[in-house]
Amino acid sequence: SWNDKALQLNTITVNLAYEFDVPVINFWKAARPLPTCGLLDSVHLSTAGPPYGAFFTGQENEAGFTLRNLVTLQTLDALRRSAAQ
């Protein structure tokens, strides 16, 4: 099924990132606790309404779009901090 193939691709991607010690955002894992795993349908991220993904005041616990933005910013911040050391 489509979901099985998506999970397989995600697993391969995460394993390669760990093997080669490169940063990876495992959005699949991050979105598991969200309603409908952060998806509006089988393709599009869910939203908490306008402004889309602009506020991290709880929307990240409800909407895939906001969570995606948050984990991306957190990853970029971690990379920035690592590079500054």
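## A charge over a ring

The charged end of R68 is placed over the ring of F65, 4.8 Å from the centre of that ring. This comes from a predicted model. Aromatic pairs are absent: a search of the whole structure finds zero of them.

## Overall layout

The chain contains three helices and zero strands, and its elements run α-α-α from the N terminus on. Along the principal axes, the C-alpha atoms fill a box of roughly 35 × 35 × 15 Å.

Of the 85 residues of the chain, 25% count as buried. Among contacts between residues at least 6 apart in sequence, 33% join residues at least 24 apart.

## Helix α1

Helix α1 covers residues 2–19, 18 residues in total. From its first C-alpha to its last it reaches 26 Å, close to the 26 Å expected at 1.5 Å a residue. Its buried residues are N10, V14 and A17. These lie on the same side of α1 because they cover an arc of only 60° around the axis. The cover over the buried residues of α1 includes α2, residues 27–31.

On the other side of α1, the exposed residues are D4, K5, Q8, L9 and E19. After α1 comes D21, which has a positive phi near 55°.

## The nonpolar core

Which residues make up the largest nonpolar core? It has five: F27, A31, L34, L67 and V71. The elements that give two or more residues to this core are α2 and α3, the latter being residues 64–84.

One of the core residues, L34, has contacts beyond its neighbours within four places in sequence: E60, N61, E62, A63, G64 and L67. L67 is itself a member of the core, and E60 is found in the loop between α2 and α3.

## The loop between α2 and α3

Two residues of this loop have a positive phi without being glycine. T36, in the loop between α2 and α3, has a phi of about 50°. C37, in the loop between α2 and α3 as well, has a phi near 55°. Are these residues buried, partly exposed or exposed? T36 is exposed, with a relative accessible area of 58%, which is over the 50% cut-off. C37 counts as partly exposed, at 23% relative accessibility.

E60 is also placed in the loop between α2 and α3. Its relative accessible area is 13%; E60 is therefore buried, since the cut-off is under 20%. Apart from its neighbours within four places in sequence, E60 is in contact with L34, F55, T66, L67 and L70.

How far apart are the C-alpha atoms of E60 and L9? They are separated by 24 Å, with the two residues 51 apart along the chain. L9 is among the exposed residues of α1, whereas E60 is buried.

Technical notes:
Residues are numbered from 1 along each chain as its sequence is written. This is a predicted model: local features need pLDDT of at least 70, side-chain atom pairs count only at pLDDT 80 or more; totals for chains, interfaces and linings use all residues. Side-chain values use heavy atoms; hydrogens and water are left out. Helices (H or I, at least four residues) and strands (E, at least two) are DSSP runs, numbered from the N terminus. The expected span of a helix is 1.5 Å times one less than its number of residues. Buried means under 20% relative accessible area, exposed over 50%, partly exposed in between (1.4 Å probe, protein chains only). The arc is that of the directions from the helix axis to the C-beta atoms. Contact means heavy atoms within 4.5 Å. A nonpolar core is a set of buried Ala, Val, Leu, Ile, Met, Phe, Trp, Tyr and Cys residues joined through side-chain atoms within 4.5 Å. Rings of Phe, Tyr and Trp (its six-membered ring) pair if their centres lie within 6.5 Å; planes under 30 degrees apart count as stacked, over 60 as edge-to-face and the rest as tilted. A charge sits over a ring if NZ of Lys or CZ of Arg is within 6 Å of the ring centre and within 35 degrees of the ring normal.
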